[in-house]
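Visitor: Please take one part of this structure and go through it closely. I would like the strands and the helices around them treated together.

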Amino acid sequence: MSSDDTPETPSEPAGLPADSPFRNERTDRDEAQQYVLPLVVHIEKTAPPARTDALRTAARAVLVMLSDERSAGEGEWAQVMRDWQDARIRKVVRRARGAEWRKACALPGITVTGESAEVRVFPPVPLDGWPKELAKLQVSGTDLDDPEPPAAPDLAGPVLWLNPDLDMSAGKEMAQAGHGAQLAWWELSETERKTWREAGFPLSVSTPQAGRWQELTVSGLPVVQDAGFTEIAPGSCTVVADHPALRR
């Protein structure tokens, strides 16, 4: 931790299942074939999206993919979605502009639009099996800013709370927000999922004060514990997924 007055977040938050895809120690999920969920954010040099909106849009994109009829039952993406969720639930965010973005949009996937951000999410692919149009896109360069201070989160609705003591790129935070949204989705009933989906998956993304973050990590809400593949240490708690239906 970079701040002496911030208590260390627990390495194993309360309620983290033994087979959680977010545990940093090796689990049975590591024995399965590993897939990754690609997300591509549209970043033009002259009009980049706002950072917080990009995080919200990435989280919504994950939810849209999870809830799409092609991802369920005998849908065309159902098998790879199952294979992906049986493993580590990896997500990688890359950036595209101009012709790169147009080529990405020609591939099977779903584009989700926010206030200023566009994110396209694709069916999971093997770690070493990316389509060439996506494989050549850059992971770096997703450093985004908020031109104005983000609005306060809507506490009556779902909120993805970011660890205030971690320094992550926007791309990394987008992936972590997607993890948080997915954990919340897994915890909801079918009725609660339907209500959220029909509303368009509204959610807020916000960074709490250190004391509030500590409370959130032990509140019983889903906590994302990063496996430490990039940027941050294994076991770091990155996001708490807060949804009205999950509050105790």
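Guide: Among contacts in the protein chain between residues at least 6 apart in sequence, 77% join residues at least 24 apart. The model is a predicted one, and its protein chain holds seven helices and nine strands. Of its 248 residues, 51% count as buried.

The part to look at is an open sheet of four strands, in the order β7-β6-β9-β8, whose pairing is mixed. The edges are taken by β7 (204–206) and β8 (223–225); each has a single partner strand, so one side of each has no neighbour in the sheet. On average, and with direction ignored, neighbouring strands here are turned by 20° against each other. Within the sheet, strand β6 (residues 159–162) pairs with β7 in the parallel sense, over three bridges. In this pairing Leu160 stands opposite Val205 in β7.

Two helices can be followed from here. Helix α5 packs on the sheet and touches β6, β8 and β9 (237–242), its direction making about 40° with that of β9. Helix α7 (residues 210–217) also packs on the sheet, touching β6, β8 and β9, and its direction makes about 70° with that of β9.

Helix α1 (residues 51–67) packs with α5 (residues 170–187) at an angle of about 40°, the two axes lying 8 Å apart. The two helices are therefore oblique to each other, and α1 passes α5 in a right-handed crossing. On the α1 side, the contact is made by Arg51, Ala54, Leu55, Ala58, Ala59, Val62, Leu63, Leu66 and Ser67. On the α5 side, Ala170, Glu173, Met174, Ala177, Gly178, Ala181, Gln182 and Trp185 take part. Sorted by class, this contact has twelve nonpolar, three polar and two charged residues.

Strand β1 (residues 35–42) and strand β4 (residues 118–121) pair in the antiparallel sense over three bridges, with Val40 opposite Arg120 in β4. Strand β3 (residues 110–113) is also antiparallel to β4, joined to it by four bridges, and here Thr111 stands opposite Arg120. A hairpin through four residues joins β3 to β4.

Conventions: Residues numbered from 1 in each chain as written. Predicted model: local features only at pLDDT ≥ 70, side-chain atom pairs only at ≥ 80, totals over all residues. Heavy atoms only, no water. Axes fitted to C-alpha atoms, helices over the stretch in contact; angles between N-to-C directions. Parallel < 35°, antiparallel > 145°, perpendicular 65-115°, else oblique. Left-handed = near helix turned anticlockwise from the far one by under 90°. Contact = heavy atoms within 4.5 Å. Nonpolar A, V, L, I, M, F, W, Y, C, P; charged D, E, K, R; others polar. Pairing = 2+ DSSP bridges. Buried < 20%, exposed > 50% of the residue type's maximum accessible area, 1.4 Å probe, protein only.
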